[in-house]
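Hello,

Here is the model I promised to pass on to you.

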Amino acid sequence: MKIIAFGASNSSTSINKALATYTAGLVPGAEVKVLDIRDYDVPMFSQDLEKEIGQADGAKRFLADLAEADAFVISYAEHNGHYPAAYKNLFDWATRIDRNLFNEKPALYLATSPGPGGAKSVLAAAQASAPFFGGNVKAAVSVASFFDNFDMASGQVTNAAIDAELQAAVAKLSA
């Protein structure tokens, strides 16, 4: 199984990318490719610009990488209760090319934040909109207080209960 994992964040030190990478690594025998959304440069979306330039190259490359997946592990960053602007912009360009960008492939949706909310607002929004974009969400996990439960140096979850929750979610990807 080929897993495409990414954090829906443009931070070079993204905790969501770290969580997605760790969780994708829990899938037994999987080949994991971790994407960095900063690698898909796209201008700020507008219909006027789309008429002028057509399809943004960064969005085409993003879709090509997504097409390689058998399954997805995506961790959504939360900015003021919503998607970060950089991810939403890339998503908007990509869905103008292919609205069904996740192509009904099984997905595990995650979200985390440094605080106690665990980015639950953006996770709920992602889950609610998934069916409109070919999303097939098999499980969703919010991890609150990230730095209390994850060691960035080792790239490992340090809380046994959270690790068990992630293991159970990963098991649903191939079920």
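To start with a question: how many bridges join S1 to S2, and do the two strands run parallel or antiparallel? Six bridges join S1 to S2, and the strands run parallel. Within that pair, Ile3 is the residue that stands opposite Val32 in S2.

Before the rest, a word on what you are looking at. This is a predicted model, in which local features need pLDDT of at least 70 and side-chain atom pairs count only at pLDDT 80 or more, while totals for chains, interfaces and linings use all residues. Residues are numbered from 1 along each chain as its sequence is written, and side-chain values use heavy atoms, with hydrogens and water left out. Helices (H or I, at least four residues) and strands (E, at least two) are DSSP runs numbered from the N terminus.

The sheet

S1 and S2 belong to an open sheet of five strands in the order S2-S1-S3-S4-S5, with parallel pairing (two strands pair if DSSP finds at least two bridges between them). Strands S2 (31-36) and S5 (136-143) form the edges, each pairing on one side only. From one strand to the next, the twist averages 20° (angles run from 0 to 180 degrees between N-to-C directions, and axes are lines fitted to C-alpha atoms, for helices over the stretch in contact). S3 (residues 71-76) and S4 (residues 106-112) run parallel and are joined by five bridges, with Tyr109 in S4 as the bridge partner of Ile74.

S1 (residues 2-8) is largely enclosed by the rest of the structure, because seven of its seven residues are buried (buried means under 20% relative accessible area, exposed over 50%, partly exposed in between, with a 1.4 Å probe and protein chains only). Lys2, Ile4, Phe6 and Ala8 cover one side, and Ile3, Ala5 and Gly7 the other; all are buried.

The helices

H7 packs on the sheet and touches S4 and S5, and its direction makes about 175° with that of S5 (contact means heavy atoms within 4.5 Å). H7 (residues 160-171) also packs with H1 (residues 15-24) at an angle of about 65°, the axes being 10 Å apart. Leu19, Tyr22 and Thr23 in H1 meet Asp163, Leu166 and Val170 in H7. The residues of this contact divide into four nonpolar, one polar and one charged.

In H3 (residues 57-67) you will find Phe62, which counts as buried because its relative accessibility is 0%. Leaving aside neighbours within four places in sequence, Phe62 is in contact with Phe6, Leu35, Tyr40, Leu90, Ala94 and Leu101.

Two backbone details

Asn80, in the loop between S3 and H4 (85-97), has a positive phi near 55° although it is not a glycine. With a relative accessibility of 79%, Asn80 counts as exposed. Glu104, also not a glycine, has a positive phi of about 60° and is found in the loop between H4 and S4. Its relative accessibility of 47% makes Glu104 partly exposed.

From the record

Over residues 1-140 the chain is 36% helix and 22% strand, and the end C-alpha atoms are 19 Å apart.

Best wishes

Note on methods: Ala, Val, Leu, Ile, Met, Phe, Trp, Tyr, Cys and Pro count as nonpolar, Asp, Glu, Lys and Arg as charged, and the others, Gly among them, as polar.
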